[in-house]
Every structure is written in structure tokens, then in C-alpha cells.
Amino acid sequence: MAVLNPRHEEGLFYVLAGIGGLVSAIGFAAALYMEHSGHVVTGMNNQIVWGLPHVFAIFLIVAASGVLNVASMGSVFGRVLYKSRAPLSGLLAIAMLSGGLFVIMLDLGRADRLIVAATHFNPTSVFGWNVILYPVFYALVGVYLWTMMERRMNPYSKAAGLATFIWRVVLTSGTGSIFAFLVARQAYGTALLAPMFIIMSFGWGLAVFLVVQTTMYAWNDMKLPPLILKRMKNLLATFVAATLYFTFMLHLVNAYFAKNIAFEYFILFDSEFASQFWVGQVLLGSLLPLVLLFSPGTRDKVLWVNVAALLVILGAYYQLHVFIIGGQAFPLDIFPGYDVKSSFMDGAVDHYSASLPEILLAVGGLGVAFTMTTIGVRILHFLPQDDLAELEAATRATD
Amino acid sequence: MKLLRTLVTIFAALTAVSPAPTLAGEGGRTAKPLVEIANPGKCVAPVDEMRRNHMEMLKHQRDRSLRQGIRGEPASLNACIECHASKTSGSVLGGKENFCQSCHSYVAVKLDCFECHQPKARFKAAGLKP
Amino acid sequence: MSTPENNPRRQFIAAAGAGVAGLGFTVIAPGLHLMAVGEAKAATEARKAGSAASPVVRWGLLIDANKCAPGCTKCIDACHTENGVSETLPDARQNSQWIRKIELVDRRDGRVTQLPMMCQHCANPPCVDVCPTGASMKRADGIVLVDRHTCIGCRYCMMACPYKARSFVHAPLTEQNPEVPRGQGCVESCTLCVHRVDKGQTPACVESCPTGAMTFGDLNDPASDIAKRIASVPTTQVRSDLRLNQAVRYQGI
């Protein structure tokens, strides 16, 4: 991308921020409409109670935790190349978490009762824990950013980074536990989900970071050194492979239980979710990115690495769609050994199609994250700048 | 400048001429809510105490009724509605004189109760087949 | 200088103890409760005004699926009339159903049974564990309720319930029964007609069943009909493998 004339560049910034703001505002308006008319205007019902807004919200929340991993690699694990990237990853974490919380809090049936949620605390509920986990996360990331960007506070960035890292692990394990604690659902109810969500967060967060970093470099007419590109794409590939492994184990072990075979057959072979799983999540979201990240023709080209990252994000959408909505579409097995029928869709597979207000709200969350990132990188110094000599020295030391 | 002065003069004149918006109609410059008391008489507590404390009374009593199952408490919302529902509309909502709505509109405090509670007195619900 | 009379630590412990006793029970962990020693129990007579629900009583239902008539929906009609459940939304899947008839066909031999299914009023309710605000609660006498004053409509309890007992109110309501407040944006489920039980009556479904398939009573009272029947005939709790210890039991499945 050629260097823009500064006036045009500024104009383009305002256009982008404006579009992001508009998308967010439309999402908010959709939420107001849902709150006024009730959820009757959505595609969610008494069988599929969490829909598209939750798919987007959980992606943003999980990826927000994961994108901070880039900073943790620098501060906690001492990897030099990630240190200059830490502030950007902190900003992205805050922006994406805000987008995710925007969607999930506005989708509540009684969104006007958020103050009740903040003041009534059930210690056995993950949602209750989140009321504490999320605000403290914001505070920790804020402090962490401060220790990195204020020179006098730099000595404390390692401690702040460690605290944030630990908090992140707790928070994302909590997000996985939301589903792990559902005792009666065949799609969920397994301890594997907590570590799986951590690994998913690493992959999705790094994919988002790569795309944002590339965009920022292009805007500023900078080039990412091949050494850094190689390191980051290898890391992305590792996380994608790990997520694929967890997915495989999840379905393998679940299918081993005779009581869950019907569900596994449904989700993997005999439903609308089967193609989303195999083509969306596995092929496009995992295998194709791995091919792109390792093939000699594409692995060292910024364009193809970014295509791989975008495919990972697309795969995340399909993964969450299958996981959240597919898990609810299959009926609860209340009477094992019986075929059941009722006026409340017992025994029947449900079909979910998102309505316009839900789609607008979900996309509004993306808008919030985008707008906050766009404005943040304009105002403060988030652009990663590398000291190549230092980097090469560190590489030689560790190789 | 001259245009501005003209506009201000016209505006001041109109304000002086138009009647002050009082609902109670007893003179004075502050609008007061017109509250229809359908059944005047003895309430659960004196009027001043009710005005100031009815929200706290209802809030604590709802937890005692619902969470602890204590019935027969004095500040039952249904009892309030039975007594205070308008004789014309049968409800404590719906018009600007109706009991709950009049004061709450006046002080602009949102009434959350009637999202769930039935505002019409002596209402008989009818169900429908699924 | 603190003396034994005005020692702040003693005062705190005394106040905390009084507070806990006032609550009637203490939650130690999900599913574990310290029960307070109760007062005089109430059977199916109205509980004295001003007295709290007591853990000495445990309300339950026994449903005989053998007596449940095919095609009969009197329990559903009675429940929905009593509780003011009357909305018909364009998408029927969004309508609330507090109780429903399920037709079961045994896969092994094709035997057909029907039974009404509602909130099972578990002793270890998953819905109570997951509710972020504590709106989903278990009353001292075992009835599981939603406190709609604190429900924020997150639907987590609906995900957690193994019996699909809970419904979400998708639209604004105006035709509620004054004794059964329910409203848009909150989650709800069978309340065992708690407003009737507290007056000494039985739930509407039980009263309306023409074949007498449903029995209501105090599970803790060995002299009650329900306790005697459970002691004498085999009964099951649905999905008993989950160890939720429901108050609703079935006979004939």
C-alpha cells in the first residue's frame, strides 16, 4: 500500500472510525428493539436459548483472552520478539472483550438489571464469577499497558504480565466451564472444555493479532521482517494443530459413551451441522491454514499467512456455531431408551435461523471492537517496532 | 441582534400569558400529580411514611414472601392494587390519574413492578391450550 | 479497649449466627445444605400467616403413568389457566410451557406410555447452581422457584436443566394472574402452585387430573398418602443417574 498523503490518511481514519461507530450504534439499536419487543423478534426459543449473539460474543471474549498471549510470550516467557508487540495485544484484548461483553449483556432478557447482576452474587455460578473476573481483567490489562508504555513503570511490567497471564487462564477456563458444568447435555459436560478453550483462545487471538498487525504495517508502509513472520506463523500453526487435537479427542471420547453416540452421529454426520463441522471448522478452519502455513510457496508470504489467519477466524465461527447451536439443537435425552414426542419439542431436532436484530447485534460487537482498536492505535503508540539487531542476537542465543 | 431581542420579547410574552401547567389546579407554580384515591381511608401506614418508604417496604417484603414463604404480610402488592385500583379503569396503570402511574410519571421513576405483576385488580387469568 | 461485653468479634459472630439462622439454612457447597431445625410442620393445611417455609416439610408429586390417559391435557389446561400462561406467539416454540404431556414409546418392545413432565424440584438443582444472581432458588420446603425480581434473563438455567423444565418469556405480558407474577425477559417454570400450596390447597394439575394419576403431599411425613405409596410401590426419578434427588417421582415407567 503506497504512502498516503497525510490529509487523506486522516480522512480515511475518520471514515473507518465512523463506519465502526455506525455499526456499533446499529447493534445497540437492535438490542433496544429486542429489549422493547421481547425476544419474540429473535430466532431463539425455548429449545435453542443461546444463538448467534452468543456465538459472536464467545468468539470475541475467548479471542480477547488469547490475543493477550502475544504479550505474555514477551513478558512472562521472555521471548524478545513479542515484547514490542505487547501493548498492541493489550489494546486488542480490551477492545475485543468490550465487543463481546457488549453483545452478551445486551442480549439479556432483562438487560436493564445489570446492576442486579453486579450486586447479587452466586458463588457456584460461572456467570457470577465473571462479574468479578471481567472487571479485574480490565484493570489488570490497564495496569499492564501502563507498565509497558510509561518508561518509569517498565520494571514492573513482568509482574503485571504474570498477574494478567494467571488471570487470563482463570477467566478462559471459566468460559470453558460455562459449558463444562452442564451436567445433562451430551454436547458439553466434560472437563476437557476448560483447557480446550484456553488453546482455542491462543489460536484465535494470534490470528486476530496477525491480521491487525499486517493492516497496521501496511497503513504505515512498513514491512514485517521475515524472521518475525516465520516465528509467528509457526506459533499459529502450533495452536491450530493443538485445537484440532482437542476437537478430535472431544468427539472421540464422547462417541465412546454409548449414551452419547446418537448425539455424536447427529453432529458429525446427520445434521446441518455436519458440513459446518467438516468443511467449515476442520477443512477451512484447520487443515487449509496448516497447509498454507507450511507449504513452501505460501509460508513466507505475508499475504498467505494472513489468508491463513482469516481462515482460522472463519473456522472459529463455524466451530462455535456447531458447538453452541448444534449442542442445543439436539434434544435432551430425558428418557434413555424411549422415543419421545410432545408439544414442547421433546425428542425433536430444532432448527435455528438468526433474525435480523440478532445479526445486527452480533455484528455490532465486532463494530465495538473495531472502533476501539482503530481509535486506540491512532491515539497512542501501539505500532510494534523491532530492533532487528537485538532480535537476531536473541535468536542466535536461543537457536 | 435586533432579531434576537425580538424573539426573546415574544417568548417572554408568551410565557407570561400561558397558564402554568398545574394538574392539581390549586394555583402556585409547581405542577402536582393528580392522584386518584379510589378507596380513601386507612392505608397500611400514614401517608408520609408510605410516600417515603413504600419502595423499601415492598422490597423487603417481597423477599420474605418469595424466598422465605412468609404469607400474610401487611404490605402485599396485591392488597395495594385491590384498594388503589381506579374505579373506572380497574387498574393502577393506564392513565395519568391512576394511582401508581400518576406519582411515578411525575417523579420520572420507572415502574418495574408491572412488567410481571398484574396491575388490574381482581383479574381472573385464562389459560390457553399449548 | 474491648471487654467481654463489647468485644467486636463476639458481636460479629453473634450477628452472623443470627443471620444464618434467619435464612433457615447455609450453603456449604453446591448440593450441600445445613438444615435449620424447623418449627411445627404444616401438612396440606395452610401455613400460619407470618411463618416461613420449613425444611421439615418436603413437597413432592407422585405421578402414575399407567393412569395417565392418552390425548388428555387437563393438567396442562388447568396449570396454564391457574398460572395465567396464555400467550400464543407466532413461533410456537417460543410459547411457555410449564407442564407438558410426553408420549414415550419403548424402543425395545414398542410399549406406549404417556406422562406429564414439569419442573422436577430437585434437591440438588443444577439450575440453582448456575444462576448468576441467585434468582433460581430452592425454598426451604423443597419448591424450586425463580425469583423474578432478580432474574436477568440470561437463560443459563435453561441450558443447565436436564428436563427442559424452564421457559423464557419472549414477549410483554398483560394477562397475568395476580397471584402468579410473570413477565417478559424472565425465566419461569412450574412452581408446584406455591401460591395454592401455601393456602393449604393442592397444585392445579393434581386437582384437575380426571384419573387421579397425580398425588401431591409431604414426602417427609410418613403418614401422608404420597409417602405411603412411595414406600409400597416401585417408583423412579427420571434420569436418577444424575443424582439430583427430585421431588417428582413416577410410577409405571
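Let's start in chain C, where helix α2, residues 74-82, lies across strands β4 and β5 of that chain. The helix runs at about 160° to β4(C). Keep in mind that this is a predicted model.

Strand β4 of chain C covers residues 99-106, and it pairs with β5(C) in the antiparallel sense over seven bridges. To pick out one spot along that pairing, look for C:V105, which stands opposite C:V112 in β5(C).

## A sheet built from two chains

Now for the rest of that sheet. Strands of a sheet pair through backbone hydrogen bonds, either parallel or antiparallel. Here three strands form an open sheet in the order β1(A)-β4(C)-β5(C), and the pairing is antiparallel. The edges are taken by β1 of chain A, residues 338-342, and by β5 of chain C, residues 112-118, each of which pairs on one side only. On average, neighbouring strands in this sheet are turned by 30° against each other, direction ignored.

So what joins the strand of chain A to β4(C)? Five bridges do, with β1(A) and β4(C) pairing in the antiparallel sense. Within that pairing, A:D339 stands opposite C:V105 in β4(C).

## Where chains A and C touch

Stepping back to the whole contact, 39 residues come from chain A and 45 residues from chain C. Which elements of chain A give two or more residues to the side that touches chain C? They are α6 (114-119), α7 (126-149) and β1 of chain A. The largest share of that side comes from β1(A), with five residues. By type, the residues on the chain A side divide into 19 nonpolar, 14 polar and six charged.

## Chain A as a whole

Chain A has 15 helices and one strand. Its radius of gyration is 22 Å, close to the 21 Å that the globule rule gives for 399 residues, so chain A is as compact as a globular protein of that length. Along its principal axes, the C-alpha trace of chain A spans about 70 × 45 × 40 Å.

Of the 399 residues in chain A, 49% are buried. If you take the contacts in chain A between residues at least 6 apart in sequence, 76% of them join residues at least 24 apart.

## Another sheet in chain C

Chain C also holds an open sheet of three strands, in the order β10-β3-β11, with mixed pairing. Strands β10 (214-218) and β11 (248-251) of chain C stand at the edges with a single partner strand each, so one side of each has no neighbour in the sheet. Neighbouring strands of this sheet are turned by 20° against each other on average, direction ignored.

Strand β3 of chain C, residues 59-64, runs parallel to β11(C), and four bridges join the two. Among the residues involved is C:L61, whose bridge partner in β11(C) is C:V248. Helix α7 of chain C, residues 225-232, lies across β3, β10 and β11 of the chain and runs at about 110° to β10(C).

## A closer look at C:S208

C:S208 sits in helix α6 of chain C, residues 204-208. Is C:S208 buried or partly exposed? It is partly exposed, because 19 other C-beta atoms lie within 10 Å, while a buried residue would have 20 or more.

Leaving aside neighbours within four places in sequence, C:S208 is in contact with C:K74, C:C75 and C:A78. Its C-alpha atom is separated by 18 Å from that of C:I102, a residue 106 residues away along the chain.

Definitions and conventions: Residues are numbered from 1 along each chain as its sequence is written. Chains are lettered from A and ligands numbered from 1 in the order in which they are written. This is a predicted model: local features need pLDDT of at least 70, side-chain atom pairs count only at pLDDT 80 or more; totals for chains, interfaces and linings use all residues. Two strands pair if DSSP finds at least two bridges between them. Axes are lines fitted to C-alpha atoms, for helices over the stretch in contact, and angles run from 0 to 180 degrees between N-to-C directions. Two residues are in contact if their C-beta atoms, placed from the backbone, lie within 7 Å. A residue is buried if 20 or more other C-beta atoms lie within 10 Å of its own, exposed if 12 or fewer, and partly exposed in between; C-beta atoms are placed from the backbone. Ala, Val, Leu, Ile, Met, Phe, Trp, Tyr, Cys and Pro count as nonpolar, Asp, Glu, Lys and Arg as charged, and the others, Gly among them, as polar. The radius of gyration is taken over C-alpha atoms; the globule rule is 2.2 Å times the number of residues to the power 0.38.
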